[in-house]
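Hi,

Here is the structure I promised to pass on. My notes on it follow below; have a look whenever you get a minute.

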Amino acid sequence: MSDWTWDYNPSEEYITGGLPPGAVAEIERLATELAALGPDSVRVGRPVDREGGLREFDLLGGRGFISFLAVPRHECVYVCNVTWYG
């Protein structure tokens with residue numbers, strides 16, 4: 001188990017405002033799992049050809065995706081954006 005945490009950046013209201021409750025729950029579930037990966041979270045999702053930087057992960061079977069940044073120095077995964085197709 002990792003000591004990493006996750007957070008919204010810039011804020012929960014900015015990122016999840018207007019999303020259905022089920023989508024928000026899935027975002028938070030994915031963020032929790034990414035944080036549990038710890039330093040390996042820099043290699044999850046897209047792009048697949050490199051590690052680090054802003055990454056993307058599909059949400060609810062292609063209904064959208066989250067953009068996140070794994071920061072080893074902070075031991076934190078930051079959810080930076082959600083693109084929701086509905």
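**A serine and some rings**

S41 sits in the loop that runs between α2 (21-37) and β2 (54-59); helices (H or I, at least four residues) and strands (E, at least two) are DSSP runs, numbered from the N terminus. Bear in mind that this is a predicted model, where local features need pLDDT of at least 70 and side-chain atom pairs count only at pLDDT 80 or more, while totals for chains, interfaces and linings use all residues. Residues are numbered from 1 along each chain as its sequence is written, and side-chain values use heavy atoms, with hydrogens and water left out.

Back to S41: its relative accessible area is 0%, so it is buried (under 20%; exposed is over 50%, partly exposed in between; 1.4 Å probe, protein chains only). A polar atom of the S41 side chain lies 2.7 Å from the backbone oxygen of G38. Beyond its neighbours within four places in sequence, S41 is in contact with W4, L34, R55, F68, A70 and V77 (heavy atoms within 4.5 Å).

Now the rings. Phe, Tyr and Trp (its six-membered ring) pair if their centres lie within 6.5 Å, with planes under 30 degrees apart stacked, over 60 edge-to-face and the rest tilted. That gives 2 aromatic pairs. W6 and Y8 have ring centres 5.1 Å apart and planes at 80°, so they are edge-to-face. Y8 is buried at 7%, whereas W6 is partly exposed at 24%.

F65 and Y85 are tilted, because their planes are at 55°, with centres 6.5 Å apart. F65 is in strand β3 (residues 64-71) and Y85 in the segment after β4 (76-84), 20 residues apart.

Cheers

Notes: Polar contact = N/O pair within 3.5 Å; in protein donor to acceptor, adjacent residues only side chain to side chain.
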